[in-house]
2 protein chains.
Amino acid sequence: MEHGKVKVGLIQTSVTEDRTLNIKKTVEKAREAIFLGAKIICLQELYRTQYFPQWLDRDVSDLAETIPGESTEVFSALAREHQVVIIVPIFEKDQSLCYNSIAVIDADGKILCKYRKVHLPQDPLFYEKSYFQAGHEFHICKTRYARVAVLICYDQWFPEAARIVTLQGADIIFYPTAIGWIKDAEPEEGDWLEAWQTIQRGHAIANGVHVVAVNRVGIEDDLIFWGSSFICDPFGRIIAKASDKKEEVIVAELDLSRNDLVREGWGFLKNRRPDIYEFLLNPRCV
Amino acid sequence: MEHGKVKVGLIQTSVTEDRTLNIKKTVEKAREAIFLGAKIICLQELYRTQYFPQWLDRDVSDLAETIPGESTEVFSALAREHQVVIIVPIFEKDQSLCYNSIAVIDADGKILCKYRKVHLPQDPLFYEKSYFQAGHEFHICKTRYARVAVLICYDQWFPEAARIVTLQGADIIFYPTAIGWIKDAEPEEGDWLEAWQTIQRGHAIANGVHVVAVNRVGIEDDLIFWGSSFICDPFGRIIAKASDKKEEVIVAELDLSRNDLVREGWGFLKNRRPDIYEFLLNPRCV
């Protein structure tokens with residue numbers, strides 16, 4: 001695939017308890033991104049519901065949907081109408097099991113691929129293992145406009161995930177996200193937002209890929225989502241960044257030929273030493 | 001090993017053509033670090049010679065030394081005298097082969113372990129493959145004061161290396177380095193120094209380790225070494241940083257219990273998925 005230019009759109013919103021309202025607002029904002037020229041649009045993690053994993057043992061079975069299902073139907077129509085790619089995070093139900101998933105809809109409106117979140121946190125206010133089965137596979141999607149990988153939120157802290165999708169051929173890694181501050185808590189370990197941004201910029205540099213993070217805003221019970229959705233280039237430079245409080249649509253042009261510039265100039269991919277990386281498969285947790 | 005506090009010392013110097021002068025100056029600065037309370041002292045990459053890999057096809061055979069050899073003898077004596085650990089980068093000759101190596105001298109003055117640089121660049125002004133054989137093994141050193149890993153310069157761009165030594169038990173990763181700007185060149189891909197710092201801060205965050213980078217200063221022919229040696233904590237926060245032009249000795253106290261704080265709070269190590277990381281061993285270079 002030629003490494004040309006492509007406009008991406010990020011939809012950063014707040015989320016209410018009303019799922020119909022959430023989908024309506026998200027469609028409106030996606031239309032805004034399309035109007036601004038976006039060809040690949042990414043919604044935030046679990047875009048249609050509040051971040052329910054902050055509550056333990058809540059019955060959320062009626063919030064889940066199938067793929068294909070209601071969300072993919074709505075966004076497939078939009079994708080087809082405007083010939084755009086849309087990355088749609090979905091609280092997925094498959095038989096009796098649930099996943100934190102993504103459907104990637106290609107510019108012809110068809111579901112091109114699906115990814116189920118691989119790394120799941122289980123921490124205070126982020127009890128994802130209580131709600132989701134883990135996915136077991138990384139892959140990339142060859143969309144009409146670019147080869148993209150979609151990883152989800154907590155995946156963004158794992159260099160392994162970014163590296164694997166790069167080796168599989170990704171030019172852009174999207175990270176739909178739901179992350180924020182905890183109300184009335186002073187984090188002992190340091191600045192969460194800064195660390196969140198830094199590690200993702202690091203993935204961009206290590207892999208010579210563009211990174212796009214899309215996070216929600218607003219306060220939901222004990223969580224204050226920090227927005228700050230951003231795009232960085234393959235040398236970790238922030239190209240665009242959203243506010244930490246407001247809903248926002250960001251559209252920016254990526255020059256994917258910059259991936260080649262970094263990869264050829266610095267040789268990080270060609271100088272890897274997979275012959276001595278076996279320890280990475282070690283289950284040891286330290 | 002208890003995760004307590006430990007003072008580390010970084011020696012950032014300029015390097016002349018006179019190898020005797022270089023070693024003398026480095027010993028003086030190491031004494032300064034010892035005086036300031038450092039228990040683990042790290043010298044910069046190839047501390048004793050100018051960065052000769054910028055020149056192709058130079059005869060450097062008389063610059064190489066063995067391990068043990070002249071450098072380890074000098075620093076072993078210093079280590080023993082003051083009961084400190086010293087990390088000594090050495091242009092190593094072993095039989096007819098040369099390596100870009102490190103000897104770690106423990107506080108009793110004995111050589112505790114040796115590491116040979118695994119990832120070698122071969123780019124304009126960094127022709128390392130013309131001078132060094134690559135190493136084939138990662139490991140950590142259980143020194144008297146901390147479990148440390150030493151990786152060397154270009155290794156710092158590879159998340160795999162940082163992850164492997166973390167899984168092996170490292171609490172601090174040291175990166176002796178020789179990196180700088182190229183004279184009269186405007187880097188197309190962006191800010192090298194910023195990317196260099198960012199990716200290493202990313203390793204600290206991903207792995208819950210302290211990271212210590214030690215770089216040289218001064219102009220050597222076409223390279224302007226940017227110094228900026230730094231220490232960051234396991235959440236990527238810069239604790240101490242040296243100038244980009246001046247020789248400097250930095251001594252700072254690390255609180256290794258912060259490693260546990262980040263590791264327990266965020267669970268990046270326990271939530272890895274080595275069962276599906278096999279693709280990392282893929283030799284594909286993209």
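Me: If a salt bridge is a side-chain nitrogen of Lys or Arg within 4 Å of a carboxyl oxygen of Asp or Glu, with which residue does Glu160(B) form a salt bridge?

Reply: This is a predicted model, in which local features need pLDDT of at least 70 and side-chain atom pairs count only at pLDDT 80 or more, while totals for chains, interfaces and linings use all residues. Residues are numbered from 1 along each chain as its sequence is written, chains are lettered from A and ligands numbered from 1 in the order in which they are written, and side-chain values use heavy atoms, with hydrogens and water left out. The rule finds six salt bridges across the interface of chain B and chain A. In the one formed by Glu160(B), the closest N and O atoms are 2.6 Å apart, and the partner is Arg163(A).

Me: Which element gives the largest share of the side of chain B that touches chain A?

Reply: Between chain B and chain A there are 34 residue pairs in polar contact, both at pLDDT 80 or more, a polar contact being a pair of N or O atoms within 3.5 Å, where within protein one must be able to donate a hydrogen and the other to accept it, and residues adjacent in sequence count only if both atoms are side-chain atoms. On the chain B side, the elements that give two or more residues are helix H3 (159–167), helix H4 (192–207) and H5, helices being DSSP runs of H or I with at least four residues and strands runs of E with at least two, numbered from the N terminus. The largest share, nine residues, comes from H4(B).

Me: How much area is buried between chain B and chain A?

Reply: The contact, meaning heavy atoms within 4.5 Å, takes 62 residues from chain B and 62 residues from chain A. Buried area is the accessible area (1.4 Å probe) that two parts lose on being put together, summed over both. Carbon and sulfur atoms give 64% of the total, which is about 5800 Å².

Me: Which elements give two or more residues to the lining of the largest pocket?

Reply: A pocket is an open set of points on a 1 Å grid over the protein atoms alone, with protein on both sides within 12 Å along at least five of seven lines, whereas a cavity is a set of points where a 1.4 Å probe fits but cannot get out; lining residues have an atom within 4 Å of a point. The largest pocket has a volume of about 400 Å³, a volume being the space filled by probe spheres set on the points, which are joined across faces, edges and corners. Of its 23 lining residues, the closest to the centre are Gly265(A), Trp266(A), Asp123(B), Ile182(B) and Trp192(B). The elements asked for are strand S11 (180–182) of chain B and helix H5 (257–266) of chain A.

Me: What volume does the largest cavity have?

Reply: Six cavities of 30 Å³ or more are found in a search of the whole structure. The lining of the largest cavity draws on both chains, including His203(A), Ala206(A), His203(B) and Ala206(B), and the elements giving two or more residues are helix H4 (192–207) of chain A and H4 of chain B. Its volume is about 70 Å³.

Me: With which side chains does the side chain of Arg116(A) make a polar contact?

Reply: Arg116(A) lies in strand S5 (residues 111–116) of chain A. Beyond its neighbours within four places in sequence, Arg116(A) is in contact with residues including Tyr99(A), Asn100(A), Ser101(A) and Gly135(A). One polar contact (2.9 Å) is with the side chain of Glu92(A), and another (2.9 Å) is with that of Asp94(A).
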